[in-house]
Amino acid sequence: MIAGIYTLVILGGISYTMERTLNDYHLTVVEFLGIYVILAVSLALTNSFTGLFSLGHPAFMAIGAYISAILTFPPIRKAIMMPALPHFLANMQLPFCLAVIIGGVIAALSAFIIGFPVLRLRGHYLAVATIGFMIIVQVLITNMNSLTRGPLGINGIYPYTDIWWVYIWVVVTVYTVWRVLNSRFGRAMLAIREDEIAAESLGISLTYFKLFPLVLGAFFAGVAGGLWAHLVTAITPSSFSLPLAFLLVVMLVIGGKSITGAIIGALLIGIVSELLRPLEMATQMYGLTQIVTAIGLLAILIKKPGGIAGSKEINLVSLYKSLKVLR
Amino acid sequence: MRRVLVVGFVLVSMLLVFGGFGYAGGVIKIGALYNLTGEMSSIDAPALNGVKLAAKEVNEKGGVLGKKIRIIAIDTKTNQKECATAARQLLSEGVVAGIGYGDTTYVLAAAPLFQKKHVPFITSGATLPELPKMIGNYMFLVPFGDNVQAYAMADFLYKDLHVRRVIIWTNKATDYTLALSKYFKERFTKLTGKKSILLEDFFQTGDKDYSAQIARVKALKPQPDALFISSIPDDIGIIVKQVREAGIKQPIAGGDGYDTPLLVKVPGPKLANDIYYTTHQAWDNPDPVVQNFIKNYKRMFGHEPENAFAALGYDALMLVVRAIKRAGSDNPAAIRDALAKEKGYHGVAGTISYKNGSRVPQKAVAIMKVEQGKIKFVKMVMPNM
Amino acid sequence: MSFLSIGYILQQVANGFILGSIYSLVAIGFSMIFSIIGLINFSHGDILMLGAFSALAFITALHGPIWVVFGMVGVVGFLIGIAIERVAFRPIRSAPQVTGFITSLAISSLIENFGILVLTAQPRSFNIPDYLNGLLNVGAVSFRVIDAIIVALSTTIVISLYMYTKYTRMGMAMRATAQNIDASRLMGINVNRVIMIAFAIGSSLAAIAGLMWGAKFGQISPLMGFLPGLKAFVAAVIGGIRDIRGAVLGGYVLGFSEVLFVGLLPPDMSGYRDAFVFTLLIVILLIKPEGMLGREEEVIK
C-alpha cells in the first residue's frame, strides 16, 4: 500500500517535472511511451498471461479511437463532416474522459462478441482469426464513408491528451492488471496458459476465463486508441493495422512474460526508435531504424529468448526497502 | 592513453563548438517530412530527392540572404504517429518552414502542428483542394487541387475527344482517388447529364486482378466511349495492362497518378496506347527549367526523376526560398506572408501563383497522351472553375 | 446481371485457378516449415520478393529461356532458405513458438528495408519475352501462355513434392519429424538436416512463386512480399496447416474466393471484399477449426 503510494507520487513528480521542462516534441514522445505501456500491458493479459496469441489489439484501438473522436467532436463540424451520424450522436459532445471510457467500453463489447466464438481456437488459428477481425474492422471503417469519412479519416480532433491523462491511464491499467493477476482470475488464467486440459478438469471455465482477459485487454486498448486519437489529432483506417499489432507483440516478447517485462518492452521499443532517428537523419539512410531494430531484436531473441525480464516482476516493496537499506 | 583521450576530447569539443556555431550563424533550417519507408515510399522518396536537389542548387549559388539552406529530413514510415512526433521534433529544432508528403492523410497529421506554431507548411504532393481550409492560413499546396485536374480531364474528354458516355473506376482505399472521381463525375454529368456515367466500379490499392471489373465493362450495352480510372501510380501499370489485354480498346483517362514510368513499362509499348492523363508538367517540355531539372536530377541521383512528385518537391523548396528572399527575413510569419503573395514562380511543375487569398495555386494542367508507348504532350488547360 | 454468362463464370474460374496455383506454391513452403518445427514464418513472403528480383536480374542479364530462369531462381531460393535457417532460426529452435514468429518478423523487416535501401521503393516493371504473353483461347476462356506455364509448373511441382515426401527416405524423415521431432531424433534421423531441407525447399518454392507473380502481373517492388505471405498463411490455415495437400487446397480456395467475391458482388459492395474473405475464413475455422484437411486434436480444446 505504502509502496504503491510512493510509486504514484514519484511517477507524478516525474510527470510534473517533465511537463515543466520538456519541449513539445519530447513530451509527445513520453506520451506515446505511456500509450505503448498501456497497450503492451493490456495485451499481456491475453498474450503473456493466458497464452492466447491475439493480434487483434489494433482493431480494439481503432474502435476506441473512432468512437471517442466522434464523441468529443464539436456538433457543428460533425454536421458537415459526418452527415450520416444518427441524431443523438450528431448533437452530442462529451467531455474527453467520458468519451475515452465509452470508447473503451464499446471496444470491450466488441471483444465480447467476437471472442465468444473465436476463443475456442488455439494458437495460430486464433492469431489468424484475430487478424481477420482486424481487417474486417478496417474494411468497415474504410467503407462507412458518411460515418467515418472513409480513407480520409477524421482530422482536427482536439488534442486533449496530455501527460496527465496518460499518467492516470497508465496507473489505472497497470494497477488493474496487477490486481487481476494476483486474484483468482489471474491464477485461473495462468493455469490455462500452462495446461488447458488440466485447468478445465480443475473446474476452471475455459470460456469465461479466456473471455475475461480478452475483454479487459480490449477495454484498455480502446482507451489507448482514444488517447492516441486525441494526441495525433488525425485518425484513418490504416492508423491501426497489422504492423502495429506486430510491434506490440514484439514488445511483449523482448520484455518478457510479466507486467514488468511488458513495460520494459514498450519503453525500449519506443525509445530506441526515437534514439535512432538522429542517426538516420545524419546518414540519410532511411530504413536504418528498422534494420537496427530488427538486428537488435534477433540478438535479444537468440541471447535471451525469455525476454529481458523473463517472468519476473519488480517487487516494489522490497525495492523501496533495499533503497532505504542503502541509505 | 590518457593523452590520446584528452586530445580526442578537445578535438571533438572544438568540432562541436565551431561546427555548431558555424552552422547556427549561417543556416536556415527547413524541415522535410516524407514517408521514405513503407507503402508511401515510392511516392515520397522522389519528392525528397527533389527537395534536396533544389537545396543543393540554392546553396551552390551562395544560399539565400547570405545563409545556407539546411534540409532536416525525417522519415515518418507511412505512419501517422510518426508524423505527429516528427513534426514536433522539427518544430523544436527551429525550422522556419516545413515541406512534405504526397498524400493528404499524412499532411493532416503533421500540418496542424505547424499551423499552431505559426510555421508555414507546404505540401509538395497532396492535392485535396480543401486542405488549406481544413488546416489554416499557414498551409500551402504546390500542386493544383484535384478539382482542377478532374475538371480539366472532363472538359478535354467532352470537347476534344467527343466522349459522351464513360465508366468510372475508383480506388476506394485512398482519399486522392475518391476525390478525383468525385470531381470528375461532378463536372462530366454537368456537361452531359446524369445518364452519361454507365457504370461505377471500385478496386483497392494493391489489387492485382481486375478481371471482374473488366468483365462488367465488356458486358455493357451500349459500350462507353472512354474509361476514367482513378488510380495511384503503383497500380496503374497493372490496370492498363489487363484492360488492354482483355481487348478493351477505348481511351483510358485519369489524373496525375498516371505520371509514372510504370504506366508504359508494365503493359509494354504495344498495349500502352490511347491513354490520356492530366499532370503537372511534360517531361519533354523543351523549357530549360524542366530540362535542367532532369539533367541535374540525373547527375545527383543517377537516374531520371521517377515521377512528378520529384518536380513538385523541387518546386516546394524553391517557393520557400523565393518567399524568404522576398520577405528579406527567415522569420516564419514573414515567410508565410511572402508565400501568400507569390505571383508567377516559373517552376518545373508549372507556374505557381496564389491569388485572391487562395493557398492552392492556380496552375494550368498539362494533358498528356500515350501513343504506342510514347508519352506526348497534348496541351495546357486552365479549366473554368 | 447480364455479365453473368457461362463464359464469364468459366473465365473467372480460370482466373481463380491461376491465382490459386501461385498461392498454393507459397502456402506449401509455409506449411512444410510449420509442420516440422511449428514456426509461422512471416519472412516467407519476402523470400518471394527476393525470388522475383533475382528473376528480373537473370532475365535482363541472360536473355535465356524461361526454364533456365525458373531453375536458377529455384536454386537462389534454396540457398536463401538454408542461410536464413542457419543464421536466424537454428539458434532459437528450443525457444517457445512465439519467439520463432517474432524472429521471422524481424527477418522480414530486415529484408524489406534492405530492399528499400538498395533497390529504392519504386515498383519496377517485370517484362517477359513476347511469346510468353501470347493469348490462348480455349472456348470462351482466354489466358496467356505464361498463365498456362504457371498452372502446369505449379501442378508438376506439387505432385512431385507429394511423391518426394511420400516415397523418398528424406521425405519420410520429414513426415516423421513433423509427427514427433524427439522420437525421430531417437530413431536416428538427422533432424537438423531435415529442417534445413524443409526450409530450403519451402523457400525455393516461394522464390519460384515470386517469378510467377512478377511474370503474371508485370510489376514487382521490395514490399510486394507482405500480402502473398499473409495470404499463404491464411491459405495454409484454411486447408489444414500440417499437410501439403491442405496447403494446396487452401491456396486454391483463397484464389477462387478472391476472384469470385469481386466478380459476383455488386460493384458498390466490392470495397467489402476483404471483409468477406476474412469472414469466410473465420467461419471455416469455426466450423472446421482444424482446416479442411487437418486433424482435429491440434486446434481446439
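Author: Let us begin with the term itself: a residue counts as buried when its relative accessible area is under 20%. Please keep in mind throughout that this is a predicted model.

Reader: Which strands pair with S13(B), and in what sense?

Author: Strand S10(B), residues 275–279, pairs with S13(B) in the antiparallel sense over five bridges, and within that pairing Thr279(B) stands opposite Ala366(B). Strand S14(B), residues 374–381, also pairs with S13(B) in the antiparallel sense, over seven bridges, and there Met368(B) has Phe377(B) as its bridge partner. S13(B) and S14(B) form a hairpin with two residues between the strands, in which Gln372(B) takes a positive phi near 45°.

Reader: What should I keep in mind about side chains when I look at a strand?

Author: In a regular strand, the side chains alternate between the two faces of the sheet.

Reader: Turning to a helix, is Leu214(A) buried or exposed?

Author: Leu214(A), which lies in helix H12(A), residues 206–232, has a relative accessible area of 9%, and because the cut-off for burial is under 20%, Leu214(A) is buried.

Reader: Which residues is Leu214(A) in contact with, leaving aside its neighbours within four places in sequence?

Author: Those contacts are with Thr46(A), Ser54(A), Phe60(A), Ala111(A), Gly115(A) and Leu119(A). The C-alpha atom of Leu214(A) is separated by 9.8 Å from that of Ala44(A), although these two residues are 170 residues apart along the chain.

Note on methods. Residues are numbered from 1 along each chain as its sequence is written. Chains are lettered from A and ligands numbered from 1 in the order in which they are written. This is a predicted model: local features need pLDDT of at least 70, side-chain atom pairs count only at pLDDT 80 or more; totals for chains, interfaces and linings use all residues. Side-chain values use heavy atoms; hydrogens and water are left out. Two strands pair if DSSP finds at least two bridges between them. Helices (H or I, at least four residues) and strands (E, at least two) are DSSP runs, numbered from the N terminus. Buried means under 20% relative accessible area, exposed over 50%, partly exposed in between (1.4 Å probe, protein chains only). Contact means heavy atoms within 4.5 Å.
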